Amino acid sequence: MNAPTQTLPSSSFSERKYQHLYVLPVLLLEFLAIALTRAILPGLLLQKYGDNVYLVMGCTECVRGLLAFLACPFFGKLSDVIGRKVCLFVTVLGTCAPVCVLAFFSWDTQQSPTEESSMSSSTDDNFWSSLLDPATNEVAMSAFHPNAITVFVILLALSGIFSSTFTLVFAYISDTVHRQDERVSAYGLALATFGLSFTMGPIVGGYLAQQNKQYVFLTSLLLTVVDLAYIYFILPESRPIDAPSSAASTISLMTLDHNFSSSWKPWDSLRLIATDPFLRKVGEVAFLYYTGLWAIISTLSVYAVKRFHLTPERLGELMSALGLSTMLAEAVLVRVMVPWLGEKKAMKVGLVSFALQCVVLGFATEGWHLFVCAMFSLLGNLVYPSLSSLVSGSVEPDAVGEALGAINGIKALTEGIGPLVFGSLMTLSEASPLPGWPYLLASLLVFAAYRVADELPDLEEDDYIHELERKQKGGFELFALGRNRQNDDEVEGLLSEIDEYSDHEETSTL
């Protein structure tokens with residue numbers, strides 16, 4: 001893609017205080033295009049797959065997550081070399097493709113006069129119940145092309161290759177915001193933008209669907225085109241392209257292989273996290289938390305329709321309430337609570353709140369109970385920006401994309417595990433007296449994440465390992481040596497030796 005680079009001159013690169021704001025419309029437009037469809041897709045999937053919907057979507061999300069696990073580190077490292085702009089263009093195009101393709105199918109089907117009169121005289125809940133009734137299932141199925149949902153599911157699974165938007169956006173912010181406290185606020189602002197898209201999108205999509213479902217998908221297509229045009233013509237590059245690439249020409253603590261072409265191995269994210277004491281703890285928290293989180297993300301909308309018979313309008317309101325909570329949390333709470341409490345404590349507060357959200361879902365017996373989750377999700381949204389801030393503050397600037405890509409690779413791996421496991425559990429739980437019991441299992445995973453998070457260092461109080469590792473000199477490959485570390489005592493001993501080596505080298509030079 002020969003897009004205009006619009007890279008800022010090196011002299012003014014650090015002077016663009018608000019350059020990170022340029023990337024926010026990318027997030028807003030991309031996820032608004034996706035969020036518009038969230039109010040109607042669960043019902044369409046339920047019509048198509050019936051009682052198998054949890055398994056089908058679990059398998060779909062599993063493939064998507066595994067592909068994202070392979071691709072996230074790749075895009076993170078690629079963007080460190082060729083810049084964020086080109087990578088963002090590709091990921092937005094691939095991520096929005098599943099909903100955009102639905103705009104090319106016909107959704108406007110004539111209904112019989114008897115059905116129209118029946119629909120106009122019924123309430124929203126009765127309408128949705130009749131739509132799902134086997135006696136009217138043939139009419140409901142005729143409302144969309146028989147291959148439309150199949151194509152959507154296939155593209156959704158393949159879109160995992162491009163699920164790196166947040167990795168690239170956070171790397172973009174890290175490039176342009178250098179102070180730690182300001183970076184946390186910028187991360188929160190990015191997630192607030194994400195929340196804004198899911199505040200507006202579902203409710204607007206639900207009411208657009210009353211007129212014609214195709215209006216929803218055409219709007220998503222239009223928003224995607226606008227987003228791509230914005231990236232191509234307006235978004236400035238956050239990295240100076242003419243500068244030497246550290247991934248190709250310098251030794252980085254975050255690189256397993258100094259040969260650039262051979263270092264794009266998908267398992268590097270696991271090796272990177274497994275051999276670094278700090279990132280290993282962060283990876284454990286991310287794995288446990290996101291496995292529980294994906295249990296909700298992949299099943300909640302279908303669960304709301306299948307068990308509580310929410311209409312597209314009510315489902316849109318529920319999704320918008322959750323999006324509003326995200327927006328308020330990231331725009332306000334992150335800016336206040338993370339600097340006040342610190343990354344570690346803020347993360348723990350978020351984990352407790354999310355565990356309570358899972359418990360409410362597990363014991364929910366009425367549709368309105370689902371809206372209570374929005375209250376707990378306010379604080380639950382503290383986890384991701386706190387985690388990202390810890391990681392971005394612990395690595396060298398040239399390796400931020402790779403480090404965040406590794407953590408997001410773990411996140412993507414849970415996207416493959418969580419939906420498949422919990423989709424199967426939700427299918428098994430439907431006949432039980434407590435159909436929401438899988439959400440209680442998710443709360444246990446979050447509790448385990450809390451226990452691991454308690455062992456993480458405080459950014460402001462501890463001299464954690466990365467700060468010491470930066471003292472290494474020359475080509476001493478600490479990362480490779482760390483491959484055989486067994487415990488923190490051995491790590492500290494190794495670092496002491498490195499410090500002695502560095503002091504000796506400095507003395508010799510003098």
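Trainee: How many salt bridges does a search of the whole structure find?

Mentor: Side chains of opposite charge can pair when their charged atoms come close. In this predicted model, a search of the whole structure finds nine salt bridges.

Trainee: With which residue does Arg 84 form a salt bridge, and is Arg 84 buried or exposed?

Mentor: Arg 84 forms a salt bridge with Asp 80, and the closest N and O atoms of that pair are 2.9 Å apart. Arg 84 also pairs with Asp 175, where the closest N and O atoms are 2.7 Å apart. Because Asp 175 lies in helix 10 (residues 165-176) and Arg 84 in helix 5 (residues 84-100), this second pair ties together parts that are 91 residues apart in sequence. As for burial, the cut-off is under 20% relative accessible area. Arg 84 has a relative accessibility of 0%, so Arg 84 counts as buried. Asp 175, at 9%, is buried as well, and Asp 80 is also buried.

Trainee: Where do Arg 314 and Glu 317 lie?

Mentor: An α-helix has 3.6 residues a turn, so residues three or four places apart point the same way. Arg 314 and Glu 317 both belong to helix 17 (residues 312-341), with a spacing of three residues, about one turn of the helix. Their side chains meet in a salt bridge, at 2.8 Å from N to O. Arg 314 is partly exposed at 26% relative accessibility, and Glu 317 is partly exposed at 23%. Elsewhere, salt bridges that share partners join Asp 51, Lys 306 and Glu 430 into one network.

Trainee: Which residues of helix 16 are buried?

Mentor: The buried residues of helix 16 are Leu 300, Ser 301, Val 302, Tyr 303, Ala 304, Val 305, Lys 306 and Phe 308. Eight of the nine residues in this helix (residues 300-308) are thus buried, which means that helix 16 is largely enclosed by the rest of the structure. After helix 16 comes His 309, whose phi is positive, near 55°.

Trainee: How many aromatic pairs are found in the whole structure, and what is the arrangement of the rings of Phe 31 and Phe 198?

Mentor: A pair of rings is read from the separation of the centres and the angle between the planes. The search of the whole structure finds 17 aromatic pairs. For Phe 31 and Phe 198, the ring centres are 6.4 Å apart and the planes stand at 45°, so the pair is tilted. This pair links distant parts of the chain, since Phe 31 is in helix 2 (residues 24-35) and Phe 198 is in helix 11 (residues 180-211), 167 residues apart. Both Phe 31 and Phe 198 are buried. The rings of Tyr 289 and Tyr 290 have centres 4.8 Å apart and planes at 65°, so that pair is edge-to-face. Tyr 289 and Tyr 290 are both buried. Ring pairs also link a cluster whose members include Phe 31, Phe 198, Tyr 289, Tyr 290 and Tyr 384.

Trainee: How many disulfides does the structure hold?

Mentor: A disulfide is a covalent bond between the sulfur atoms of two cysteines. The structure holds zero disulfides. Cys 59 is in no disulfide, and the nearest cysteine sulfur, that of Cys 62, is 6.8 Å away. Cys 100 is likewise in no disulfide, with the nearest cysteine sulfur, that of Cys 96, 5.4 Å away. Cys 59 is partly exposed, with a relative accessible area of 41%, whereas Cys 100 is buried, at 7%.

Trainee: Which residues make a nonpolar surface patch of about 290 Å²?

Mentor: That patch is made by Tyr 22, Phe 233 and Ile 234. Ile 234 sits in the loop between helix 12 and helix 13 (246-249), and Ile 234 is partly exposed at 42% relative accessible area. In helix 12 (residues 213-233) one also finds Tyr 215, which is partly exposed at 44% relative accessibility. Tyr 215 and Ala 103 are 112 residues apart in sequence, yet their C-alpha atoms are 8.1 Å apart in space.

Trainee: How many helices and strands are in the protein chain?

Mentor: The protein chain has 25 helices and zero strands. Of its 510 residues, 55% count as buried. Among contacts between residues at least 6 apart in sequence, 86% join residues at least 24 apart. The accessible surface of the chain comes to about 21100 Å², and 62% of that surface belongs to carbon and sulfur atoms.

Definitions and conventions:
Residues numbered from 1 in each chain as written. Predicted model: local features only at pLDDT ≥ 70, side-chain atom pairs only at ≥ 80, totals over all residues. Heavy atoms only, no water. Helix = DSSP H or I, 4+ residues; strand = E, 2+ residues; numbered from the N terminus. Buried < 20%, exposed > 50% of the residue type's maximum accessible area, 1.4 Å probe, protein only. Disulfide = S-S within 2.5 Å. Phe/Tyr/Trp six-rings, centres within 6.5 Å; stacked < 30°, edge-to-face > 60°. Patch = residues over 30% accessible without salt bridge, like charges linked within 9 Å, V, L, I, M, F, W, Y side chains within 5 Å. Areas by Shrake-Rupley, 256 points an atom, 1.4 Å probe, with all protein chains shown as cover. Salt bridge = Lys/Arg side-chain N within 4 Å of Asp/Glu carboxyl O. Contact = heavy atoms within 4.5 Å.
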